[in-house]
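Hi,

Here is the structure I said I would pass on. Have a look first, and my notes follow below.

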Amino acid sequence: MDASLPDSLSAAPPRSLSAAGGRAPGAAAPLIEAAGLAFSVAAAAGPVEILRGVDLAVAAGEAVGLVGPSGSGKTSLLMLLAGLERPTGGVLRVAGRDLAAMDEDALARFRREHIGIVFQAFHLIPTMTALENVAVPLEFAGRGDAFDRAEAALRSVGLGHRLGHYPGQLSGGEQQRVALARAVVAAPRLLLADEPTGNLDRATGAQVMELLFALRARLGTTLLLVTHDPALAARCGRQVRMEDGRIVGDDGGAGMAVPAA
Ligand SMILES: Nc1ncnc2c1ncn2[C@@H]1O[C@H](COP(=O)(O)OP(=O)(O)O)[C@@H](O)[C@H]1O
Ligand SMILES: [Mg+2]
């Protein structure tokens, strides 16, 4: 199954039925398939159940706005999808891979090839320039054109004039644009964004979101966006709501998938 997956987004697979579990015969498998997904952590008073049976199927090309109160498990779900945490129960397949069955090296490779992440805090490496920060994931992947691609990605977020700046020399909005360039530089199949404008003022946040949606449209990337902003959630074709470690609402994707450019 893995071998049949395209490595680039040049030909995004057709959108299949978005409702969890419902798939037309012969339709492409969803990019994200979670069933009964559980995640708990050990604590002094006993295990803390953070995700309590999440069922979610997301087709390639969909944009999903993930909403819900603080503490409902949104960030934890993103961590599992990125392979940064491991499920403690249930099934989780992303891009056809069974994440629970992969070792750390395989997960790191999977992340590099398929996942882009933007966090609320920008998480740039302070001792590296903007260009170096964006080139890092490509260098790890052994790509000889890492710096050329990093420069192109920075230009695409309007930072062609800030290549040699260190994060400390950039505004918050500029730092988040660097983080965005880093997230998309390897043309990931799945872009995960966790309240990416939470540390920015309203106008700057709006600019970053415009960029995020524009990049996603150009690349045809599947997007899972955690946000507290109802307008942003509504801009995603589909809205999913979490409460207390479960999905309690899913509009099923009434909106249109963004076609690959
Ligand atoms: N490593 C951890 N150890 C203990 N509890 C955690 C840990 N990570 C998250 N939690 C708890 O899990 C719940 C869900 O957290 P989180 O996924 O960050 O929610 P959200 O992003 O929706 O605010 C919260 O109650 C949080 O305190
Ligand atoms: Mg969170």
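**What I found**

Let's start with the sheet: strand β1 (residues 32-41) and strand β4 (residues 89-94) run antiparallel and are joined by 5 bridges. Two strands pair here if DSSP finds at least two bridges between them. Helices (H or I, at least four residues) and strands (E, at least two) are DSSP runs, numbered from the N terminus. Glu33 sits opposite Arg93 in β4. The open sheet has 4 strands in the order β2-β1-β4-β5, with antiparallel pairing. β2 and β5 (97-98) are at the edges with a single partner strand each, so one side of each has no neighbour in the sheet.

Before you go further, a word on the ground rules: this is a predicted model, where local features need pLDDT of at least 70 and side-chain atom pairs count only at pLDDT 80 or more, while totals for chains, interfaces and linings use all residues. Residues are numbered from 1 along each chain as its sequence is written, and chains are lettered from A and ligands numbered from 1 in the order in which they are written.

On confidence, the protein has a mean pLDDT (the predictor's confidence in each residue, from 0 to 100) of 88, and 87% of its residues reach 70 or more. Residues 1-21 have pLDDT below 50, and this stretch makes 46 contacts beyond near neighbours in sequence in the model. Residues 255-261 are also below 50, with 18 such contacts. A contact means two residues whose C-beta atoms, placed from the backbone, lie within 7 Å.

Now the ligand. The shell around ligand 1 (residues whose C-beta atom, placed from the backbone, lies within 6 Å of it) includes Val41, Val48, Gly73, Lys74 and Thr75. β2 (48-58) and α1 (74-81) each bring at least two residues to that shell, and α1 gives the most, with 3 residues. By type, the shell splits into 4 nonpolar, 7 polar and 1 charged; Ala, Val, Leu, Ile, Met, Phe, Trp, Tyr, Cys and Pro count as nonpolar, Asp, Glu, Lys and Arg as charged, and the others, Gly among them, as polar.

Elsewhere, helix α3 (residues 130-140) has several buried residues, including Leu131, Val134 and Leu138. Buried means that 20 or more other C-beta atoms, placed from the backbone, lie within 10 Å of the residue's own. Their cover includes α2 (104-114), α4 (146-156) and α5 (172-184). After α3 comes Gly142, with a positive phi near 75°.

Cheers

Note on methods
Buried ≥ 20, exposed ≤ 12 C-beta atoms within 10 Å, placed from the backbone.
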